[in-house]
Amino acid sequence: WQAEESSSERLFGQPLDGLLRQPPCDVVVARLQSGADWRRVLLPVRGGPHTQLACDVALALAEQHDAAISVLYAANPRFPDHAVVRESLQSLRSMPRVTRWLERTIPAEQAILAEAPDHQAIVLGVTGRRGDPEAPIGPLADRILRNTDTTVLLVRRRM
């Protein structure tokens, strides 16, 4: 997928909007940066419904490019942390190719954007569409796509 330069409102357009709203299968949409030598993949996780697919995609990408994976868990200090979720994610430490485990106590968007320059790809689950059920992606993914030049792979499981 390549963003339309003239469109500041919509990132995708048809048919991707519909595909991401109600996918007929697991979906990965990639915004690729040309000439990237993928040495490090950033995998932000919060234990949402797309976590396993994001892990699978990050691992496949890392294996294909002989890259390392950095797992990022960000807990917004204004909201209570979900200790049970964080504990369930600890198993990702032993995932092949994971070389860094990053925990940040700042909002996820800030944490991802801070780490993005040190990574050549970000694998991100598409969640958080509460405010606009017609939006194909949530506000976090939207802001990451708009505020970084890094390759981004958006993943969404078929529900």
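Colleague: Contact here means heavy atoms within 4.5 Å. With that settled, which strands does helix 5 lie across?

Modeller: This is a predicted model, and in it helix 5 (residues 139–147) lies across strand 1, strand 5 and strand 6. Its direction is at about 165° to that of strand 6, which spans 151–156.

Colleague: Which residues does Ala141 touch, apart from its neighbours within four places in sequence?

Modeller: Ala141, which is found in helix 5, is in contact with Leu124 and Leu154. Its C-alpha also lies 6.4 Å from that of Val126, a residue 15 places away in sequence.

Colleague: Is Ala141 buried or exposed?

Modeller: Ala141 has a relative accessible area of 3%. Buried means under 20%, so Ala141 counts as buried.

Colleague: Stepping back, how many helices and strands are there in the chain?

Modeller: The chain has five helices and six strands. Along the sequence they follow the pattern α-β-β-α-β-α-β-α-β-α-β.

Colleague: And in what order do the strands sit in the sheet?

Modeller: The six strands form an open sheet in the order 1-6-5-2-3-4, with mixed pairing. Strand 1 (27–31) and strand 4 (98–104) stand at the edges; each has a single partner strand, so one side of each lacks a neighbour in the sheet. Direction ignored, neighbouring strands are turned by 20° against each other on average.

Colleague: Why is strand 5 described as largely enclosed?

Modeller: Five of its five residues are buried, so the rest of the structure largely encloses strand 5. Ala121, Val123 and Gly125 are buried on one side, and Ile122 and Leu124 are buried on the other. In a regular strand, the side chains alternate between the two faces of the sheet.

Colleague: Let us turn to helix 4. What does it pack against?

Modeller: Helix 4 (residues 108–115) packs on the sheet and touches strand 2, strand 3 (68–74), strand 4 and strand 5. The direction of helix 4 makes about 155° with that of strand 3.

Colleague: Which of its residues are buried, and what covers them?

Modeller: Ala111, Ile112 and Glu115 are the buried residues of helix 4. Seen down the helix axis, they fall within an arc of 95°, so they line one face of the helix. Their cover includes helix 5 as well as strand 2, strand 3, strand 4 and strand 5.

Colleague: Which residues surround Val41, leaving aside its neighbours within four places in sequence?

Modeller: Val41 is in contact with Ala58, Leu61, Ala67, Ala68, Ile69, Ser70, His119, Ala121 and Val123.

Colleague: What share of the chain is buried overall?

Modeller: Of the 159 residues, 43% count as buried. Among contacts between residues at least 6 apart in sequence, 77% join residues at least 24 apart.

Colleague: Last topic, confidence: what is the mean pLDDT of the chain?

Modeller: The mean pLDDT is 84, and 84% of the residues reach 70 or more. Among the elements, strand 2 has the highest mean pLDDT (97) and helix 3 (residues 83–89) the lowest (74).

Colleague: Where does pLDDT stay under 50?

Modeller: It stays under 50 over residues 1–9, for which the model has eleven contacts beyond four places in sequence. Where pLDDT is low, the predicted coordinates should not be read in detail.

Definitions and conventions:
Residues numbered from 1 in each chain as written. Predicted model: local features only at pLDDT ≥ 70, side-chain atom pairs only at ≥ 80, totals over all residues. Heavy atoms only, no water. Pairing = 2+ DSSP bridges. Helix = DSSP H or I, 4+ residues; strand = E, 2+ residues; numbered from the N terminus. Axes fitted to C-alpha atoms, helices over the stretch in contact; angles between N-to-C directions. Buried < 20%, exposed > 50% of the residue type's maximum accessible area, 1.4 Å probe, protein only. pLDDT = per-residue confidence, 0-100. Arc of directions from axis to C-beta.
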